[in-house]
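Let's take a walk through this model together. Have a look at the fold and pick out a few helices before reading on.

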Amino acid sequence: MSDSIPREHRAFLQSLADLAYCNPFSPQRLVLEQQALGRDATSVTEEVWSRTQETDHTERPSVLAINDQAENLVEHLCEKFAKRRTLDARTRELYDDLVTYVLYYRHLAHRTIEQLFAPPRGSAGQIAWRKFASDYERLFGSPAFDDYDTDTAAHLYACLCQVRRAFKHIFDCILGESAPAGRLREAVWQSIFTHDMRRYRRSLYRSLRELPTLISGPSGTGKELVARAIACSQYLDFDPDRERFIDDPAVAFTPINLSALSPTLIESELFGHRRGSFTGADADRIGWFEVCRPHGAVFLDEIGELDMGIQVKLLRVMQQRTYTRLGDSEERVFAGKIIAATNRDLAAEIDAGRFRHDLYYRLCADRIETPSLSQQLVERPQALEGLVHFIAERVAPGESQAVAAETLDWIAGNLPRSYSWPGNIRELEQCVRNILVRREYIPRTEAATQRTGWLTAAEAGELTAEELLSAYTTWVHSQLGTYEATATKLGLDRRTVKSKIDAKWLKSLRE
Ligand SMILES: Nc1ncnc2c1ncn2[C@@H]1O[C@H](COP(=O)(O)OP(=O)(O)OP(=O)(O)O)[C@@H](O)[C@H]1O
């Protein structure tokens, strides 16, 4: 540890350095906060920090206490180092981390994304940058930091605005107080910045978008939400001369639902086409890979539905970052990120010869699983309350308390405690809306009819043991969403589960 830093401040600075670069959605963050305050961190519970528990956006008391201490210390050290020509490497690092932390909270943490990314000329974004840059120059004004220039300031500003955006998208949009929901937020953050944010700031901030992300999970669990959060949180360069970002993060997301399109249409939608390249192509068309901004992402929803021929072309985009329009020979470069989602088991699709294993491995560089609502509620039944309150706020602003209370009462009185919410959070949203309008919710009638259908047949002794096992396995899988969860629940191995599932019936149960 450096001698330039007074002994009484060293532990605080070390914890602050870790805090400045930790994943804010990891349980480790709460431990680091306690350590920074010199408190015993062993008593920190694995509490999951969620938007659904917050009444407003004021900082938690421990954060305010740390910020006060950091503010005082940074000014003290700035004065102390003002005339130093050199500082040892460790002191420079710790001081850099302290300044990074302070600048974030001073200038960015409390501004909205709209303010920060609005075009300049008197805008709040321009003011934020000017204050940031002037503080940066002053705090790194010591000759020991002569190599810190405007470009370094602009890059730090760009990184911290990215942090602000990512935090906002993840915290405000991906809800849930259960550990699986907390882990999902943590995983999304990691997908954007990796597990090592110093390395990201140093070198990965541009190249990381070349890695695709695969999101898997049952329907209605927020795969598109996660994709949007990642797309809108990509690194954007800040131009210090024009005092603005080079693009608008609000237009960074280009979603395409592959299951809604035929193979020819998919190809032309993705890559574009030249006039006359197929019947009906009466004009040139730009595809989504061309529309997507270099700092944005194309979201390929339902990737498991993709035709094998197009899978090859997609693999090429991932490997070489190039593609051509249909009927064209000009190679074009794709600079953005690819995010794909599926609620199918892609490993099973590979076994069945419907999905290329090389594409699968390419996609798996970064994988995120969205947990089903029942997984979240098994772990923490009280999480339902937070979710219902939050949905009610969106559905009936101003009446949310009453609507949430009515919904929770209705659920408690009408659905079994073990109700599995097969449609996940999308179904819960539907339930809140139905109760708002009709004071009742009828869950998944089709599924219910199908359910009684096989149960009735079983009761009447009409099914063979094999048929009964197949129907039961399919039904449980339709509720839990994955082979693993079904296997655990039924005490079977994963292969047996796969072999028993009736794919056609499963599909109809999900519709
Ligand atoms: N974790 C979550 N937090 C907040 N809202 C959620 C969450 N998960 C799902 N939702 C809500 O549920 C609805 C469905 O979400 P989304 O479309 O992202 O799910 P999906 O997994 O992509 O579904 P599908 O596989 O059917 O396309 C949206 O209105 C979304 O806001």
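A crossing counts as left-handed if the near helix is turned anticlockwise from the far one by less than a right angle, and as right-handed if it is turned clockwise. Keep in mind that this is a predicted model, where local features need pLDDT of at least 70 and side-chain atom pairs count only at pLDDT 80 or more, while totals for chains, interfaces and linings use all residues. Residues are numbered from 1 along each chain as its sequence is written.

Helices here are DSSP runs (H or I, at least four residues), numbered from the N terminus. Start with H17 (residues 383-395) and H18 (residues 400-414), whose axes come within 8 Å and cross at roughly 135°. Those axes are lines fitted to C-alpha atoms over the stretch in contact, with angles running from 0 to 180 degrees between N-to-C directions. That angle makes H17 oblique to H18; oblique is what remains once you set aside angles under 35 degrees (roughly parallel), over 145 (roughly antiparallel) and 65 to 115 (roughly perpendicular). H17 passes H18 in a right-handed crossing. Among the residues making the contact are Val 388 and Ala 392 of H17 and Val 403 and Leu 408 of H18; being in contact means that C-beta atoms, placed from the backbone, lie within 7 Å.

Now try H3 (residues 61-81) and H4 (residues 89-108). Their axes come within 10 Å and cross at roughly 125°, so H3 is oblique to H4 too. This time the crossing of H3 past H4 is left-handed. Residues including Leu 73 and Leu 77 in H3 meet others including Tyr 101 and Val 102 in H4.

Definitions and conventions: Helix = DSSP H or I, 4+ residues; strand = E, 2+ residues; numbered from the N terminus. Contact = placed C-beta atoms within 7 Å.
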